[in-house]
Amino acid sequence: MPLFTSCCPAWVQYCEKNHPELLKNVSTCRSPMEMFASVIHEEHKTSARKHYHVAVMPCTAKKFEATREEYVLDGKNPVDAVITTQELIQMIKESGIIFSEIEPEAVDMPFGASTGAGVIFGVTGGVTEAVLRRVSSDKSKTALAAISYHGVRGMEGIKEAVIPYGDRQLKIAIVSGLGNASALIEKIKSGVHYDFVEVMACPGGCINGAGQPFVAPDGKVQRGDGLYAADKMCSTKRSEENMLVMEMYNGVLKNRVHELLHTDYARRGE
Ligand code: SF4
């Protein structure tokens with residue numbers, strides 16, 4: 001312990017370069033971008049229709065992530081190209097696309113179904129809140145609200161929370177900004193115990209990624225509020241409530257969960 005999150009490639013690379021001894025503590029989970037790409041790749045690789053996977057992402061660290069050899073499947077990274085949200089906006093403007101004139105179209109299933117837990121990944125503390133929703137044995141609405149009041153929300157660079165879990169207390173830290181990550185690591189090295197640490201390289205999380213459109217400081221808070229509002233509108237809040245994803249565990253992911261959804265960053269630290 002502690003277990004560090006692995007969804008931010010800039011944090012993973014920072015850890016590799018500066019604290020390789022901690023890599024064994026980094027979750028083996030691939031990032032959301034790479035998990036999604038693995039599943040799409042497996043679903044469509046035998047299809048007659050060719051697919052080209054473009055990920056629209058909040059930062060350029062995701063471009064680097066798409067080149068990492070850990071994620072290679074069948075000889076290539078399942079993400080073919082990464083563009084940032086700013087680049088996408090620029091491309092839309094340059095090509096003269098007028099959104100109001102576009103005919104709306106549903107997302108292909110099973111990929112169009114999502115839960116609130118996924119929506120809040122973009123704001124600092126969101127990954128932790130999603131994990132707590134998943135592991136909490138109390139699935140009531142009151143328990144859901146209680147998790148959000150335990151100190152996981154807010155734009156502070158370092159947040160700490162103690163969450164009851166069974167007969168023990170989980171000590172959690174949530175950091176955003178690599179300077180804050182460095183300060184927390186020093187604390188851990190001095191003997192302070194945490195069970196779980198979420199790290200996002202960008203202050204405030206992906207809502208403030210360097211590939212996102214520029215925003216004034218209060219806009220950052222508004223983006224976070226927007227994600228929480230979107231979460232409120234989701235009829236399903238916990239990852240395990242996404243039945244289409246749960247079905248995948250008996251389909252495309254059967255006996256291949258580790259191969260397709262996980263990796264092993266610790267190998268690089270050896
Ligand atoms: S926190 Fe920043 S660097 Fe990390 S994945 Fe999000 S936008 Fe990219």
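## A buried tryptophan

W11 is buried, at a relative accessible area of 0%. Buried means under 20% relative accessible area, exposed over 50%, and partly exposed in between (1.4 Å probe, protein chains only). F4 is also buried, at 1% relative accessibility.

This is a predicted model: local features need pLDDT of at least 70, side-chain atom pairs count only at pLDDT 80 or more, and totals for chains, interfaces and linings use all residues. Residues are numbered from 1 along each chain as its sequence is written, and side-chain values use heavy atoms, with hydrogens and water left out.

## Aromatic pairs

The whole structure holds 3 aromatic pairs. The ring centres of F4 and W11 lie 5.3 Å apart with planes at 45°, so this pair is tilted. Rings of Phe, Tyr and Trp (its six-membered ring) pair if their centres lie within 6.5 Å; planes under 30 degrees apart count as stacked, over 60 as edge-to-face and the rest as tilted. Ring pairs join F4, W11 and Y14 into a cluster.

## The F36–F111 contact

F36 and F111 pair edge-to-face, with 5.5 Å between centres and 90° between planes. F36 sits in helix 2 (residues 32-44), F111 in the loop between helix 4 (85-95) and helix 5 (116-119), so the pair ties together parts 75 residues apart in sequence. Helices (H or I, at least four residues) are DSSP runs, numbered from the N terminus. F36 is partly exposed at 39%. F111 is buried at 19%.

## Charges over rings

The charged end of R153 sits over the ring of Y228, 3.8 Å from its centre. K171 places its charged end over the ring of Y194, 4.7 Å from the centre. The criterion: NZ of Lys or CZ of Arg within 6 Å of the ring centre and within 35 degrees of the ring normal.

Technical notes. Helices (H or I, at least four residues) and strands (E, at least two) are DSSP runs, numbered from the N terminus.
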